[in-house]
Amino acid sequence: MSNEPIPLSKALASFDALWSPRIVTRVNDYDVRIAKVEGEHVWHVHDDTDEFFLVLDGELHISLRESDGERTVLLPKGAVFTVPQGTEHRPYAPSGAAILMFEPAGTLTVGDHHDEIPDHVDSTTGHTLNT
């Protein structure tokens, strides 16, 4: 990890892969990850951790399957949302977005349980940022 400031615009410009987060830094035992996203991710659930999203650019939708039914939250640029642990969810960005996520180091992007993983989704615990 760098001990210098990291401009997020420079970090985002350093890669093109979609749904393939890069670890910008760590805070205690948590990764701060950034990703470029477009289209649909996969329905998945994290059994033991919440998942925090901040939209840096564009617009992110997150569909949620909750006890009282399914709903979708819309996150414009600058909005934050936390998916509670144990909640099945599917992020998607019809027109593309750049996002920042905050979650425990080692957390898989496709959660503990998930639908079949499409080719455009990277099942990873995050990649090292090379700027």
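**Stop one: the pocket**

The largest pocket holds about 150 Å³ of space. A pocket here is an open set of points on a 1 Å grid over the protein atoms alone, where a 1.4 Å probe fits and protein lies on both sides within 12 Å along at least five of seven lines; lining residues have an atom within 4 Å of a point. This is a predicted model, so local features need pLDDT of at least 70 and side-chain atom pairs count only at pLDDT 80 or more, while totals for chains, interfaces and linings use all residues. Residues are numbered from 1 along each chain as its sequence is written, and side-chain values use heavy atoms, leaving out hydrogens and water.

Now select S2, I6, V24, L129 and T131: of the 12 lining residues, these lie nearest the pocket's centre. Helix α1 (8-13) and strand β1 (22-27) each give two or more residues to the lining. (Helices are DSSP runs of H or I, at least four residues; strands are runs of E, at least two.)

**Stop two: a hairpin**

Show β4 and β5, which form a hairpin with two residues between them. They run antiparallel, joined by eight bridges; strands pair if DSSP finds at least two. Find I62 and look across to V73 in β5, which stands opposite.

**Stop three: the core**

Notes
Grid points are joined across faces, edges and corners, and a volume is the space filled by probe spheres set on the points.
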